[in-house]
Amino acid sequence: FLIIRSGPLFEGSPLALTVVTILGALTAFFAATTGVVQNDLKRVVAYSTCSQLGYMVMVCGLSNYSTSLFHLMNHAFFKALLFLSAGSVIHAVSDEQDMRKMGGLIKKIPFTYTMILIGSLSLMGFPYLTGFYSKDLILELTYDRYYIAFAYWLGSFSALLTAFYSIRLIYLTFITNTNSKKEVFMGVHEPSLNITIPLVLLAFGSILVGYWAKEIILSNV
């Protein structure tokens with residue numbers, strides 16, 4: 001947001017804009033590679049946040065500040081959904097955060113599974129979900145700039161890694177055979193209404209906000 005507000009200063013130096021683009025692409029890539037090897041549920045989500053911030057910075061370097069703000073807004077919905085859902089999972093399994101000690105939760109907490117699935121698909125840029133409209137737009141705008149083509153390739157590879165660690169998170173937490181202690185697994189439960197209602201609202205945002213806002217943003221690109 002500070003880079004966006006400082007846009008007029010950056011516009012005075014093409015070199016500064018190029019540096020911003022390169023640093024953004026590298027941030028997106030290295031944070032994604034770190035997220036791939038994490039086993040802590042919240043750390044995976046946290047490193048994905050760093051990676052998405054890299055996308056925002058990268059497109060600022062292309063002077064598309066409105067697109068960066070669009071991704072920031074979209075990201076707020078699906079990342080809040082992921083963090084709150086992750087907290088719900090951790091609470092359900094007696095404060096265990098290691099995904100290797102989870103598994104088999106899809107039958108126990110199907111609602112939370114659905115929320116994490118929606119947030120993860122939006123994070124991956126699955127077509128017509130909120131993340132798709134801004135993330136694909138950033139890659140499209142980067143592809144157009146042939147003089148920093150490697151930023152596009154880093155961004156694209158980061159998107160592949162994002163899909164990988166998101167699927168890995170869902171598989172280890174919900175689908176694979178459980179590695180939890182029996183007493184922990186038997187006590188797994190869905191969150192209360194205080195958590196459920198915000199999750200539903202954020203899920204709607206993760207599905208619809210990108211579609212609702214795309215015309216306003218695309219008119220400025």
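1. A crossing is left-handed if the near helix is turned anticlockwise from the far one by less than a right angle, and right-handed if clockwise. By that rule, α3 and α8 cross in the left-handed sense.

2. The model is predicted: local features need pLDDT of at least 70, side-chain atom pairs count only at pLDDT 80 or more, and totals for chains, interfaces and linings use all residues. Residues are numbered from 1 along each chain as its sequence is written, and side-chain values use heavy atoms, with hydrogens and water left out.

3. Helix α3 covers residues 14-36 and helix α8 residues 149-175; they pack at about 25 degrees, with axes 8 Å apart. That makes α3 roughly parallel to α8 (angles under 35 degrees count as such).

4. On the α3 side, the contact (heavy atoms within 4.5 Å) includes Ile 22, Leu 26, Phe 29 and Val 36. On the α8 side, Phe 150, Leu 154, Phe 157 and Arg 168 are among the residues involved. The contact residues comprise 14 nonpolar, 4 polar and 1 charged.

5. A search of the whole structure gives 1 cavity of 30 Å³ or more (a set of points on a 1 Å grid where a 1.4 Å probe fits but cannot get out). The largest cavity holds about 50 Å³ of space.

6. The lining of the largest cavity (residues with an atom within 4 Å of a point) includes Val 44, Ser 48, Leu 82, Ser 120 and Leu 169. At least two lining residues come from each of α4 (41-60), α6 (110-124) and α8. The lining divides into 6 nonpolar, 3 polar and no charged residues.

7. Tyr 165 of α8 belongs to the contact with α3 and also lines the largest cavity.

Technical notes: Axes fitted to C-alpha atoms, helices over the stretch in contact; angles between N-to-C directions. Helix = DSSP H or I, 4+ residues; strand = E, 2+ residues; numbered from the N terminus. Parallel < 35°, antiparallel > 145°, perpendicular 65-115°, else oblique. Nonpolar A, V, L, I, M, F, W, Y, C, P; charged D, E, K, R; others polar. 1 Å grid on protein atoms, 1.4 Å probe; cavity = no way out; pocket = protein on both sides within 12 Å on 5 of 7 lines; lining within 4 Å. Points joined across faces, edges and corners; volume = space filled by probe spheres on them.
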